[in-house]
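Here are a few friendly notes to read beside the model.

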Amino acid sequence: MNIFRLAGDLLHLLSIVLLLLKIKRHKTCAGVSLKTQELYGLVFVTRYLDIVYNFTSIYNTVFKIMYLASSGYIIYLMRGPLKIKYDAEHDSFNVLYLLGPCVVLALIFNYDFSFTEILWAFSEYLEAVALFPQLFMLIRYKEIEALTANYIAALGAYRVLYVFNWIYRLSTEDNYSDWIAWIAGLVHTCLYADFAYHYFQARLKGHKTLRLPA
C-alpha cells in the first residue's frame, strides 16, 4: 500500500458519496446515466467475485463490499424509487458497442485463460469505457450541475492517482507488471482529459454549472 493507492481509493469512494448525495438530497437522478452506473456495477461484480473465497486484507475486503453495496444501491434508486426522475431519453448510448469489444478483448488478452482471470480482464477493459454513456448524456445537456460535475471530476482524479500508484510501484517493486491494468487505466484517464479542461475552466471563472461542447 502506498499513498497514491490510498488517496485514489478514497477519491473513488468520495465520487460515489457525491453521487449519492446528489440523488438523496435532491431526490432526483436527472443528469445521471443509469447505463454507466450499471456498467460500473458489472465491473465490480466481475472483478470482486473473489471476495467469497480469497481474503487479502481487511482494507481490501471493506472497500470491495462498499463498492458493491453502493453501486447496487444507486442502481436500485434509479430503477425503483426515483425511476420517474430518470432521464432515459438522453441516456441513449448503446452499451453493446462497449460490452462486445470488452468481451472479445478479455478472451484474447488475459493473464490466464481461466474463468476468474477472464472476468477480471473484462472488468478492467469495461471500467476504461464505462463512463462513455455518462459523457454522451452530459454533452446533450446545456448545463451540468455542480454535484454531477464534481462526481465525474473525483472519478477522474482517482484514475490519475492510480497512474502515479503504478509509477511508484514500478520504481520500488521488483518484477512488478500489470500491463492490462496500465493500458485500460490510461485509456480511462484519457477519457477525462476534455472534461477536466472544461471543469477547471468553469471553476476558475467561478461558474456553478458546467457546459460541455457538443
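1. Let's start with R159, which counts as buried at 4% relative accessibility; buried means under 20% relative accessible area, exposed over 50% and partly exposed in between, with a 1.4 Å probe and protein chains only. This is a predicted model, where local features need pLDDT of at least 70 and side-chain atom pairs count only at pLDDT 80 or more, while totals for chains, interfaces and linings use all residues. Residues are numbered from 1 along each chain as its sequence is written, and side-chain values use heavy atoms, leaving out hydrogens and water.

2. What does R159 meet? Its side chain forms a salt bridge with E127 at 3.5 Å, N to O (a side-chain nitrogen of Lys or Arg within 4 Å of a carboxyl oxygen of Asp or Glu). E127 is buried too, at 3% relative accessibility.

3. Now look at R47, in helix 2 (residues 34-47); helices here are DSSP runs of H or I, at least four residues, numbered from the N terminus. The R47 side chain makes polar contacts with the side chains of E127, at 2.8 Å, and S123, at 3.0 Å. A polar contact is a pair of N or O atoms within 3.5 Å; within protein, one must be able to donate a hydrogen and the other to accept it, and residues adjacent in sequence count only if both atoms are side-chain atoms.

4. Elsewhere, K22 and E145 meet in a salt bridge of 2.5 Å, N to O. The two are 123 residues apart. K22 is buried at 1% relative accessibility, whereas E145 is partly exposed at 32%.
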